[in-house]
Amino acid sequence: MIPQAFDYYAPTSVADALRLLRQHGDDAKLLAGGHSLLPIMKLRLSTPQCLIDLGRISELRFIGEADDGCLAIGAMSTYHDIKNSALVQERVPALAEAAGEVGDVQVQNKGTIGGSLAHADPAGDFPALALALNFELVTATARSGRTIAIDRFFRDLLTTALRPNEILTEVHIPALPAGTGVAYQKLPNKASHYAVVGVAAAITVGDDGVCTDARVGVTGAGATAVRARNTERILKGKHIDAAVIRRAAKRAGANVEDFNDDLHASAEYREHLTTVFAARAIEDALSRAG
Amino acid sequence: MIAGQVSKLIGSRVKRKEDPRLITGEGKYTDDVILPGMAYMAVLRSPYAHARINGIDTAQAAALPDVLGVMTGAEVNERCSEPFPLFAILEGMQYPERWPMAATKANYVGEPVAAVVASSRAAARDALDLIEVDYEPLPVVVDMETAADPDTPVIFEEMGSNLCYEASDQAGDPDRAFAEADGVVEARMEQPRLIPNPMEPRATVADYERSSGNATLWVTTQNPHIERMVVAQMLGMPENKLRVVAIDVGGGFGCKINTYSESLIAIILAQEFGRPVKWAEDRTEHFVSTSHGRGQAQYVQAAYKKDGTLLGMKLKIYADLGAYAQVISHVIPTLTPSLAPGVYACRDIGWTTVGVFTNKIPYDAYRGAGRPEAAYIIERVMDLIADATGKDPVAVRRKNFIPKDAFPYETPTGMIYDSADYDAALDKALAIADYDKLRADQKAQRKDGRIVGVGVTVTTEVCGFGPAAAMGGLGGFESATVRVDPMGKVTVLTGASPHGQGEETSFAQIVADDLGVPFDDVEVIHGDTSIVARGVGTFGSRTLVVGGTAIVKANEQIKEKAKLIATALLENKIEDTLDPQLVTLEDGLFSVQDMPDQYVTWAEVGAEAYDGQLLPEDLDPGLEAVSFWEPPGLTFPFSAHIATVEIDPDTGEVSLTRYVSVDDCGTVINPTLVEGQIHGGLAQGIGQALLEQAVWDDEGQLVSGSLMDYAMPFAQEFPMFELDRTVTPSPVNPLGAKGIGEMATISATPTVANAVVDALSPLGVTHVDIPMTAERIWRVLQTHRRGRRGGRS
Ligand SMILES: Cc1cc2nc3c(=O)[nH]c(=O)nc-3n(C[C@H](O)[C@H](O)[C@H](O)COP(=O)(O)OP(=O)(O)OC[C@H]3O[C@@H](n4cnc5c(N)ncnc54)[C@H](O)[C@@H]3O)c2cc1C
């Protein structure tokens, strides 16, 4: 478990980090909490020549409110930061709670929201929440930067829309309309606590009790986290009762191309779990709406 | 309790002597050893489960800066004068020779193939990537039952089969028992392989002095003296030229009994390159380089009468030894049929034990070693009979208990149970759990559609090893040296090698009570063969039972001599002669009855022992005693456990809702230490029931090869354990102690398994294999929900 030798840089500004990134090109890797990157380096499955540690860049670690009312979280904010942020607890309690369910205390103290999204682990928790909460991802490159909608972010196994020369700087979580409830439910892998399957749901219910909007993100099931669009469609415009939940949950796996089949769960079991946790997440979200 | 002694510390919750050191980071582990000029070793391991090694090119690796050199398996093995010794050879067994490294053929993933020494750990690791090995993959044998099949490729051609042994035997007349039975229950039970994970992985540091030929080996071992014996023998070295040191060792659970290749390789590299050499495995390496545990397929048939009496059993047990037998690993499976009768009076048992070689890392003792597998069989059988006869599992157990007046009791399999009262332990557990209410609640909860179960077991196990006859050449004794210094302080040297159990504390308690000295005046030293001349070590819950008794025996000699010295001192004080027989030792003071104000202390006795001015002519100076004690028999702790579980009907997840553990380990020296052993033991046993299993693919690759993939329980998954005890002293040692290291692990697995099966019994389920993972239970629910309804309710 000793990685191949590498050079190490610890810039203190995003500008410096970008400069280093341009200078070292493909030989470089950004280091956030290191809880995904370092294990694969120790196994020598990843052998970067140089690491650019984002850990000393204070402008990347904050939680606040953006001008447009979005909740803005710096990419280097840790699960611990998010779990303990009064603002997150007030605005999106489900996100703070989910942060407290990630791995263990050590992982929560080191792992970051930026690293989690950029790494796009198929079993990661935050990708499901990011989809349900409609994250906007703000990035910087040497030339400029952009905002990427979460729906266009997860591309394939461990692959995102980020380019090698791009740094994810912050995520924006749009303000939730009144009557919205958010919930995340997972079956934790008993060894790592990653999600065997996890489902996040954000459901908005109008005064008349009819669902006006629903976003459901599924993680752990396939190569990437996906939105359960069929489920959302069934929920929207309905007065959600047990029968609707059952019908909607049944379709939660429809957008998963291939269910993962591994040591921790067979594809068949994961497909089943997707419906179970979709139902639980929807129910839970509903109980928090209104 | 020591006969005739007023006890002060024995039985009380004395805080662990070793904790301040360990908790504040002052513990010294093997990986903390740093020697001048020390170099680092890395081991190249076979990536194939079975492959011929046609050649190794080490040139590139050796050329790397900072690399001192590389040795191949053939080069290392050549330096050994003999292969690994085996102990307790079974009649008719065959086994392959094993050398420290694979030279011409690798037989499991992880077998050492070459070793590098470099001036840094990182450089040694880098060099591994540059060693080129020409492997020719061979057919791989993974499954133990397939391995036993004559059509399966043979791993060691010279042996003609993959069998280590196939041994059949019987006690009583099982055929008659089956003929007379009202019914027979049967099941195939699987004991998955487990991967022991002590907090500290293995490490070793070797130092070799070319001028004298003396070597020192620091190593993570449970038994430094056995390590010294094996290493010295294999290197053709006299034992007195090898010093083995186990400083703080962070747990073992059996996996640190074996002498591993790395000890030999490190010494050989130190000899070759003239530098001290350190090797320390990391967790990932540990998974493929340190022996595993369990691994059995059990075919069980049990004959019963309608009233719930167990009449007889027939067992066929396959044991997956992995690629080699080591130390006494091959004997461990034979303990399973030996203990299969459990706490029950059944006399007619037939069994076949098949030890097979596979292309897996060798297996060895793991917390319980053969006894958990036995307890699992018999405690599942009791529930199968309860299910078949429609009786309560508690009633079936009571019906079959060996009665309390039958002890010492010889089992049909030849074990002599020392003492027990199973009803008493069971009564206590039932009372704590409020069993009748549990059953009533269960009925109501089931009506609400909940899947809830109650599991009950009453188990026993064998520990406190020797005597010598039970040890196959390892020795059945333990040694103790008790030394009183001129200040009257006591130093104890023990041949046992505690590595987390806390005997520095419990041994000091025994000495403090026995000699009447303050607890803090007792130092306990262990683990260094240059200080402790001989010992056997710590395993099979023998440390307190055998090692503790050796201390009591040494204390007797000390007290006897101390009284003679005290007599001389008292005579000097009163200026008169005294009969030494009249001198008594009480509360640490030596005096004679009719002169209570005339006394001498241990400090005075200690000083005089070495100063010697007043010693009578026939008394040699010094105050030190050595005792080697071998127990006349084995001890059999026992326990009654009750668990309750609830199953999530949607996911199959099992939650453990209560756990009651009533254990009897005879005399309790320190309840805190005993409870610690029980807590940890329960965690391991429950982990085995619900989570843990090593998984291989068809190529013999360990798929569950890290703690991200091999699930061990987290503390938060457990309810608060409800502990209590009964105390049935053992007659086989003066302490009355029985050993508690394995008991809770052994009981916990079948207790939880029984609870889960009980929960599923309304669906007609009678057996589910462990580990009872969520997916496995979900599948059971899937198949049985559509099936018949019935069973106990
Ligand atoms: C024992 C253990 C248990 C775990 N359990 C869970 C769990 O239950 N649930 C869960 O979701 N996760 C779990 N994780 C993973 C953990 O959440 C990781 O920390 C997280 O996925 C990655 O975040 P990081 O900050 O550690 O990123 P790093 O490991 O530092 O980086 C990951 C990748 O993202 C890239 N990257 C990081 N930051 C940026 C950025 N700002 N811009 C562009 N690229 C970037 C890196 O270059 C790297 O390729 C676990 C990890 C461990 C070790």
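Which residues in H11(B) meet which residues in H12(B)?

First, some housekeeping. This is a predicted model, where local features need pLDDT of at least 70 and side-chain atom pairs count only at pLDDT 80 or more, while totals for chains, interfaces and linings use all residues. Residues are numbered from 1 along each chain as its sequence is written, chains are lettered from A and ligands numbered from 1 in the order in which they are written, and side-chain values use heavy atoms, with hydrogens and water left out.

Okay, back to the helices. On the H11(B) side we have B:Glu379, B:Met382, B:Asp383, B:Ile385, B:Ala386 and B:Thr389, and they meet B:Pro393, B:Val396, B:Arg397 and B:Asn400 in H12(B). Contact here means heavy atoms within 4.5 Å. By class, that contact has 5 nonpolar, 2 polar and 3 charged residues; Ala, Val, Leu, Ile, Met, Phe, Trp, Tyr, Cys and Pro count as nonpolar, Asp, Glu, Lys and Arg as charged, and the others, Gly among them, as polar.

As for geometry, H11 covers residues 371–389 of chain B and H12 covers 393–400, and their axes come within 9 Å and cross at roughly 115 degrees. The axes are lines fitted to C-alpha atoms, for helices over the stretch in contact, with angles running from 0 to 180 degrees between N-to-C directions. Helices (H or I, at least four residues) and strands (E, at least two) are DSSP runs, numbered from the N terminus. So H11(B) and H12(B) are roughly perpendicular to each other; the scheme is under 35 degrees for roughly parallel, over 145 for roughly antiparallel, 65 to 115 for roughly perpendicular, and oblique for the rest.

There's another pair in chain B: H16 (residues 543–574) and H17 (residues 602–611), with axes that come within 9 Å and cross at roughly 95 degrees. That makes this pair roughly perpendicular. The residues of the contact divide into 8 nonpolar, no polar and 3 charged. Among those meeting are B:Ile565 and B:Leu569 in H16(B), and B:Trp602 and B:Val605 in H17(B).

Now, the interface. Chain B and chain A bury about 2200 Å² between them, 57% of it on carbon and sulfur atoms. Buried area is the accessible area (1.4 Å probe) that two parts lose on being put together, summed over both. Chain B puts 28 residues into the contact and chain A puts in 23.

One place where the chains meet is H11(A), residues 267–288, against H20(B): the axes come within 11 Å and cross at roughly 85 degrees, which makes them roughly perpendicular. Here A:Glu268, A:Tyr269 and A:His272 meet B:Ala774, B:Glu775, B:Trp778 and B:Arg779.

How many salt bridges cross the interface? The rule finds 5, a salt bridge being a side-chain nitrogen of Lys or Arg within 4 Å of a carboxyl oxygen of Asp or Glu. A:Arg280 forms one with B:Asp650, the closest N and O atoms being 3.3 Å apart.

Over all chains, the search finds 63 salt bridges. Take A:Asp125 and A:Lys186, at 3.0 Å, N to O. They link distant parts of the chain, 61 residues apart, with A:Asp125 in the loop between H7 and H8 and A:Lys186 in strand E11.

Last, the backbone. B:Gly466 and B:Pro467 are joined by a cis peptide bond, omega about 0 degrees, and B:Pro467 sits in the loop between strands E18 and E19 of chain B.
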